[in-house]
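Let us take a walk through this structure together, one stop at a time. Keep the sequence and the 3D view side by side as you read.

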Amino acid sequence: MRYAKIVQVMTAAAAVTVLAACSATAGRPDPGTSASAPVPSGSAAVSAADDGAALAARRARYGIPDFAPAPPPQPITLPEGDSVEYLHRIPTDQKVAFLTIDDGALKLPEAQELIAAAGVPVTLFLTTDTIRDDPGYFRPMIDAGAVVEAHTVTHAGLRGRSYEFQRREICDSADELGAWFVRRPTLFRPPYGEKDATTLRAAKDCGMTAAFMWTETVHKGRVRYQTGRPVKPGDILLMHFREAFRADFVGALKAIHRAGLTPALLEDYMPAGPSPAPGIKIP
């Protein structure tokens, strides 16, 4: 599964970053560990049980529902062309939904604990100017399985802007995020969901696989449905790093759970990404 591979690659890379920066991060166990792998014994087994119990206690304290494992992903097919597709949802019949979190302006410590405790995959569309004061804040989330994607440099509206402006916003943000977090983004969300044909062409030239809108938004714990209740298979939920992060995060997960769905990783459902156009660097 691509989710497990992404976590393994980023966790190993994060360890190198941690040693170089002398900052503490927590590693994430490989969710794809085989049943034939050695079973921890003695103090290691006790420690693993204690960690699991602690996470379960945190989920109960926050009211986070428990989910069944996500099914093996079935990547979609996207048309060839000079532009990326703009997706409101993933066309799938699998009982999955996708939680995405935007911007990164407010950096509450509680958000790190919530994402780790939930144990579900999330995609973070981060704005580089917003997070450059503390990129390290997001590393524990990455260690817990979150994947970082591009959301421009300045959060400027793109529709109607020149190709050069839009390409700088998309490419430069992807380059910076790749430098900070090792993996260069392959997905893009335009600020406010605003885009035009130039946006989708610039995104393709910057190496993006697809651009994304959403089907539900979450604000102050309330889920707003754009296509009617409940959350449907393939839906993409949007929330932000705001004061109400806890209410929004738990509210989104409860809505997914009520619909009989399981959170899955958006990146797992994407085909292999394009190569950036000539002149576009990848760290």
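In which strand does Asp 103 lie? The answer is strand β2. Before going on, a word on the ground rules: this is a predicted model, in which local features need pLDDT of at least 70 and side-chain atom pairs count only at pLDDT 80 or more, while totals for chains, interfaces and linings use all residues. Residues are numbered from 1 along each chain as its sequence is written, and side-chain values use heavy atoms, with hydrogens and water left out. Helices (DSSP runs of H or I, at least four residues) and strands (runs of E, at least two) are numbered from the N terminus.

Back to Asp 103. Its phi is near 80°, a positive value in a residue other than glycine. Most residues other than glycine have a negative phi, and most peptide bonds are trans. Asp 103 is buried because its relative accessible area is 16%; buried means under 20%, exposed over 50%, and partly exposed in between, with a 1.4 Å probe and protein chains only. The areas themselves come from the Shrake-Rupley method with a 1.4 Å probe, and for residues only the protein chains shown count as cover.

Side chains of opposite charge can pair when their charged atoms come close. Here a salt bridge is a side-chain nitrogen of Lys or Arg within 4 Å of a carboxyl oxygen of Asp or Glu, and by this rule the count comes to twelve. One of them joins Arg 189 to Asp 102, with the closest N and O atoms 2.8 Å apart.

Next, look at Arg 132 and Glu 176, whose side chains meet in a salt bridge at 2.9 Å, N to O. Arg 132 lies in the loop between α4 and α5 and Glu 176 in helix α6, so the pair ties together parts that are 44 residues apart in sequence. Arg 132 counts as partly exposed at 38% relative accessibility, and Glu 176 counts as partly exposed at 24%.

A further salt bridge brings together Arg 159 and Glu 194, at 3.9 Å from N to O. Because Arg 159 lies in the loop between β4 (147–150) and α6, and Glu 194 in the loop between β5 and α7, the pair ties together parts that are 35 residues apart in sequence. Arg 159 counts as exposed at 52% relative accessibility, whereas Glu 194 counts as partly exposed at 26%. Salt bridges that share partners also join Arg 58, Arg 61 and Glu 113 into one network.

Stay a moment with helix α6, residues 163–181, where you will find Asp 172. Asp 172 is partly exposed, with a relative accessible area of 37%. Its C-alpha atom is separated by 6.8 Å from that of Val 153, 19 residues apart along the chain. Gly 136, in the loop between α4 (128–131) and α5 (139–143), has its C-alpha atom 8.8 Å from that of Phe 181, although the two are 45 residues apart along the chain.

Which residues gather in a patch of positive charge on the surface? They are Lys 220, Arg 222, Arg 224, Arg 229, Lys 254 and Arg 258. Lys and Arg count as positive and Asp and Glu as negative, with His and the chain ends not counted. A patch of this kind is made of residues with over 30% relative accessible area and no salt bridge, like charges being joined within 9 Å; the place of a charge is taken as NZ of Lys or CZ of Arg. Strand β8 (222–225) and helix α8 (245–258) each supply at least two of the patch residues.

Lys 220 lies in the loop between β7 (216–219) and β8, and its phi is near 55°, a positive value in a residue other than glycine. Lys 220 is exposed, with a relative accessible area of 64%. Arg 224, in strand β8, counts as partly exposed at 35%. The peptide bond from Arg 229 to Pro 230 is cis, with omega near -10°, and Pro 230 is in the loop between β8 and β9 (236–240).

Our last stop is α8, where the buried residues include Phe 245, Phe 249 and Leu 253. After α8 comes Gly 260, whose phi is positive, near 75°.

Definitions and conventions: Patch = residues over 30% accessible without salt bridge, like charges linked within 9 Å, V, L, I, M, F, W, Y side chains within 5 Å.
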